[in-house]
Amino acid sequence: MAKTKTRFVCNECGYESPRWMGKCPSCEKWNTMQETLETNEPEAKKLKRKPGAGASVVLVNDVESTEASRLTTGIGELDRVLGGGAVTGSLLLVGGDPGIGKSTLLTQVSANLSISGEKVLYVSGEESASQIKLRATRMGVGKSGFAILPENDMNAVDQKAREMNPSVMIVDSIQTMYLPEMSSAPGSVSQVRECASVIMRFAKQTQCVVFLVGHVTKEGSLAGPRVLEHMVDAVMYFEGDRQHQYRLLRAVKNRFGSINELGIFEMAQDGMREVPEASEALLSERAHDMSGSAVLCAMEGSRSVLVDVQALVAPTILGNPRRMANGVDQGRLSLLLAVLERRAGITLFNKDVYVNVAGGLQLTQRASDLALCAAIASSARNSVIDGNMAIIGEVGLAGEVRAVSHIERRVAECVRMGFNHIIIPKGNERAISKKYDARLSAVATVSQMLERVL
């Protein structure tokens with residue numbers, strides 16, 4: 001009878017230990033050790049790794065330079081995030097919260113590519129063929145012709161995929177796949193790593209485009225070992241609230257295109273609908289006559305997007321006032337509050353401050369600092385910001401306003417959306433090379449900005 005033993009494996013780096021530890025000795029990350037059960041099986045039953053490709057050493061000068069061929073998915077926003085389409089032979093990972101629309105989007109991709117003549121295989125370890133058919137029928141693509149394989153045995157999937165030789169394969173999800181030769185359960189660190197290795201080998205040998213669906217943890221990161229993100233060619237995350245109509249698809253890694261590209265979708269009955277006019281969608285429900293609202297222009301990859309930033313400042317009865325941020329880094333918010341209190345004379349130490357980015361967008365760039373300061377000051381003084389004004393700039397600890405990148409593209413987007421007064425950093429004034437049908441006000445400090453805004 002085979003004996004079982006317990007081991008603890010780090011889901012970040014794969015380090016193994018016979019006992020649990022709070023901090024991994026290898027990657028020095030906290031709370032990453034997961035318990036796995038292993039069976040002492042005979043040597044013949046252990047996992048047998050396949051041999052390599054048998055490639056020979058070549059000089060880089062002798063390698064033929066060929067442009068990567070891409071498959072267009074038929075969804076413009078997804079193609080934008082991928083850098084113009086899916087490169088043949090690439091391994092693409094899509095992550096996101098449960099119910100946010102990963103399977104829905106990939107069902108649309110399968111239908112579009114199948115209609116265009118590509119051979120598509122949809123592998124599902126979570127749903128039966130009838131369940132996938134029901135979803136496809138609801139979306140109106142029930143007769144598109146893509147193949148379905150409800151299987152989670154990785155050896156069987158690899159064998160049937162090589163027999164079919166598809167040009168596109170979707171695996172939903174990688175956490176449900178398992179290799180029978182391994183004693184650990186599906187979703188464990190070792191199973192995810194080995195199954196992803198089998199799929200990667202299949203994609204590179206057959207030049208098949210493979211989309212992997214990945215589960216996320218409660219912290220929002222992809223479940224499984226960190227090596228999974230290193231193995232794939234692109235990592236895309238779905239963002240947004242499941243109760244909200246908009247879904248944001250962002251690339252955080254892309255070997256064949258720029259990162260931080262953003263695709264915006266709207267969840268509808270017939271699937272994911274593209275939202276090409278992102279600025280108009282994010283500003284559609286903006287309140288023009290209320291204090292605490294400011295508009296900024298953010299750059300998401302190659303795309304300029306207008307965003308509504310909201311702030312609420314209220315007196316508190318607590319000893320420690322609350323600081324809550326949705327869509328903005330909490331540490332950055334604390335820094336800006338200190339700058340406003342020290343450099344602009346706005347009293348905030350005895351008030352609660354709440355900040356929200358409308359539409360579910362996550363602002364990670366410093367060009368949003370000045371608009372955040374304007375929204376907070378507007379709410380603190382109960383003064384309304386002009387609805388036709390946009391604010392762009394980074395704020396330093398001394399209260400100075402620093403220059404930002406792509407200023408002309410930001411200004412052009414603001415003018416296109418009808419904003420006739422734009423606050424820009426003093427350092428970007430010389431970078432404006434052409435005339436715009438709007439008033440540009442260059443400011444050097446936060447205090448100057450507040451004088452012109454409020």
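How many residues does helix α9 have, and how far does it reach from its first C-alpha to its last? Helix α9 (residues 369–381) has 13 residues and spans 18 Å between those atoms, close to the 18 Å expected at 1.5 Å a residue; the expected span is 1.5 Å times one less than the number of residues. Helices (H or I, at least four residues) and strands (E, at least two) are DSSP runs, numbered from the N terminus.

The model is predicted: local features need pLDDT of at least 70, side-chain atom pairs count only at pLDDT 80 or more, and totals for chains, interfaces and linings use all residues. Residues are numbered from 1 along each chain as its sequence is written, and side-chain values use heavy atoms, with hydrogens and water left out.

Helix α9 is mostly covered, with eleven of its 13 residues buried. Buried means under 20% relative accessible area, exposed over 50%, and partly exposed in between (1.4 Å probe, protein chains only). The buried residues of α9 include Asp369, Leu370, Cys373 and Ile376. Just after α9 comes Asn382, in the loop between α9 and β19 (389–391). Asn382 has a positive phi of about 55 degrees although it is not a glycine, and at 62% relative accessibility it counts as exposed.

Helices α4 (residues 154–164) and α5 (residues 189–206) pack at an angle of about 10 degrees, their axes 10 Å apart. Axes are lines fitted to C-alpha atoms, for helices over the stretch in contact, and angles run from 0 to 180 degrees between N-to-C directions. The two helices are therefore roughly parallel to each other, a term for angles under 35 degrees. The contact (heavy atoms within 4.5 Å) involves Met154, Asp158, Ala161 and Arg162 of α4, and residues of α5 including Cys195, Ile199 and Phe202.

Within α5 itself, Ser190 counts as buried at 17% relative accessibility. Leaving aside residues up to four places away in sequence, Ser190 touches Met182 and Ser184. Cys195 is also buried, with a relative accessible area of 0%. Its sulfur is 17 Å from the closest cysteine sulfur, in Cys208, too far for a bond. With a disulfide taken as a pair of cysteine sulfur atoms within 2.5 Å, the count is zero.

The loops on either side of α5 hold two backbone features. Most residues other than glycine have a negative phi, and most peptide bonds are trans. A cis peptide bond, with omega about 5 degrees, joins Asp172 and Ser173; Ser173 is in the loop between β9 (168–172) and α5. Gln207, in the loop between α5 and β10 (209–214), has a positive phi of about 60 degrees and is partly exposed at 44% relative accessibility.

How values were computed
Angles under 35 degrees count as roughly parallel, over 145 as roughly antiparallel, 65 to 115 as roughly perpendicular and the rest as oblique.
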